[in-house]
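Subject: The structure, and what turned up in it

Hi there,

Here is the structure I promised to pass on. Have a look at it first, and then read on for my notes.

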Amino acid sequence: MIVSIDDLRQRARRRLPRTVFDYVEGAADDGFTSGANRRGFDRYLFRARALVDVSAVDHSTTLLGEKLATPIILGPTGLAGLLAPRGEELAAKAAASRGTVFTLSTMSIGTLEEVAAAAPSPLWFQLYVWKDRSVTRALVERAKAAGYRALCLTVDVPVMGNREQDRRNGFTLPPRVQFSNVMDVLRHLGWVLRMSKSPRATFGNFVDHPSLTRTDAVGVARFTNSQFDPSVTWKDVEWLRSIWTGPLVLKGITCAEDARQAVSLGVEALIVSNHGGRQLDFLPGAIDVLPEVVDAVEGRAEVILDGGIRRGSDVVKAVAMGARACMVGRPFLYGLAADGQAGVELSLDILTSEIDRTLALLGRPRLRELERSALRVDTPATLEPTASSHRLETSTVTRRASGTSDT
């Protein structure tokens, strides 16, 4: 029986070959940041109010002027189509059915046009600034033509993080059967049969690019790997602002200085994110730097938290600290692997029901009215005791605590 996101995770683990599951779970280097995303939530405890009428709980929100039924939006995840045939389309349909946003990754298997045609939900498109700026411009123009509402620029990948488990597993695109993984693949023939129905296993947004000398999966992967640009700066954000007329969102902001710079350039929303711990290791958890970013923008941009969400109570904590919404990646991927579109919908339903229960028990029935007085900063009982505080401090405290390493 599935009653939690962890239940979905366990089913996804059983249904996926280890190489693919490890790709979803992967973290950089020692996995400290990946674990910090979860451990960080343990520091923030609730201050519940009693004898409040909570017969009607409202968890709706607005994001970039769009009314959403839930504060949970689906983040950009590369190669979601490896978990289920046409995985990006299924996830977008699930988001639409639950009244929220789906963000398509540039590194998706389904093309941005295919996903836009499949789902009526508010769609965002995630983008990198590539070495060849004409490639970037073409993607922006395609997103505009396909009706994507916002452009989400990822800013924390000047170079690729060191994901050692993928290297040990020999993860490739498309996945290959090798001596080291043949038995594991044979144990997951259901996945093999499902994926045999997939139209492709490559980065779909680039298969028709005129610069390609090879249009197979290996050729497309080589092309995209060659396009990551470590020279991207704030001038490129200005350039994107000049060619994209819709809302511009920056994903990967973790400090006040960058938050203020983004706002000065007219960026409408910031995503506090460390890429799920998959890039720079030994960053603090995303929840721990959220107050710093919220305070820095002073209401001039909307702030979204990305990283470590596994419970509806996590979402409530983030909103109380000033986030307008929370972005999830792995939770909906677990659902996608477990049961396709229905699994993604279940992941959203689980989190939303937990949000409602938390709001009711907290004595704060309207999500949009949450503020920092709903929380206290404390040290969980499993760690060394400290004096509790009723005031939410904005300083970051990171501990090497015991706990799950999952993000």
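How many disulfides does the count come to? The count is zero. Please keep in mind that this is a predicted model.

Now for the overall picture. The protein has 407 residues, of which 57% count as buried. Its secondary structure comes to 15 helices and 12 strands. If you take the contacts between residues at least 6 apart in sequence, 73% of them join residues at least 24 apart.

The largest nonpolar core holds 107 residues, and the members that touch the most others are Phe 102, Leu 290 and Leu 305. Helix H15, residues 330-362, gives the most to this core, contributing 13 residues. Apart from it lies another core, this one of 13 residues, including Leu 68, Val 101, Val 249 and Ala 325. As background, nonpolar side chains tend to be buried together in soluble globular proteins.

Leaving aside residues up to four places away in sequence, Leu 305 touches Phe 41, Val 272, Ala 286, Ile 287, Leu 290, Ala 318, Ala 323, Ala 325, Cys 326 and Met 327.

The loop between helix H2 (18-25) and helix H3 (32-39) is where you will find Ala 27. Not counting residues up to four places away in sequence, Ala 27 touches Ser 34, Asn 162, Arg 163, Glu 164, Gly 277 and Arg 278. The C-alpha atoms of Ala 27 and Gln 279 are separated by 7.6 Å, although the two residues are 252 apart along the chain.

Asp 29 is found in that loop between H2 and H3 too. Asp 29 is not a glycine, yet it has a positive phi of about 50°. Its relative accessibility is 37%, so Asp 29 counts as partly exposed. Leu 79 also has a positive phi, of about 60°, without being a glycine. Leu 79 lies in the loop between strand S4 (72-74) and helix H4 (87-97). Is Leu 79 buried or exposed? With 4% relative accessibility, which is under the 20% cut-off, Leu 79 counts as buried.

Lastly, a helix pair. Helix H6 (residues 133-146) and helix H11 (residues 234-243) pack at an angle of about 35°, and their axes are 11 Å apart. The crossing of H6 and H11 is right-handed. From H6 the contact uses Arg 133, Thr 136, Arg 137, Val 140 and Lys 144, while H11 brings Asp 236, Trp 239, Leu 240 and Ile 243. By class, that makes four nonpolar, one polar and four charged residues.

Note on methods: Residues are numbered from 1 along each chain as its sequence is written. This is a predicted model: local features need pLDDT of at least 70, side-chain atom pairs count only at pLDDT 80 or more; totals for chains, interfaces and linings use all residues. Side-chain values use heavy atoms; hydrogens and water are left out. Axes are lines fitted to C-alpha atoms, for helices over the stretch in contact, and angles run from 0 to 180 degrees between N-to-C directions. Helices (H or I, at least four residues) and strands (E, at least two) are DSSP runs, numbered from the N terminus. A crossing is left-handed if the near helix is turned anticlockwise from the far one by less than a right angle, and right-handed if clockwise. Contact means heavy atoms within 4.5 Å. Ala, Val, Leu, Ile, Met, Phe, Trp, Tyr, Cys and Pro count as nonpolar, Asp, Glu, Lys and Arg as charged, and the others, Gly among them, as polar. A nonpolar core is a set of buried Ala, Val, Leu, Ile, Met, Phe, Trp, Tyr and Cys residues joined through side-chain atoms within 4.5 Å. Buried means under 20% relative accessible area, exposed over 50%, partly exposed in between (1.4 Å probe, protein chains only). A disulfide is a pair of cysteine sulfur atoms within 2.5 Å.
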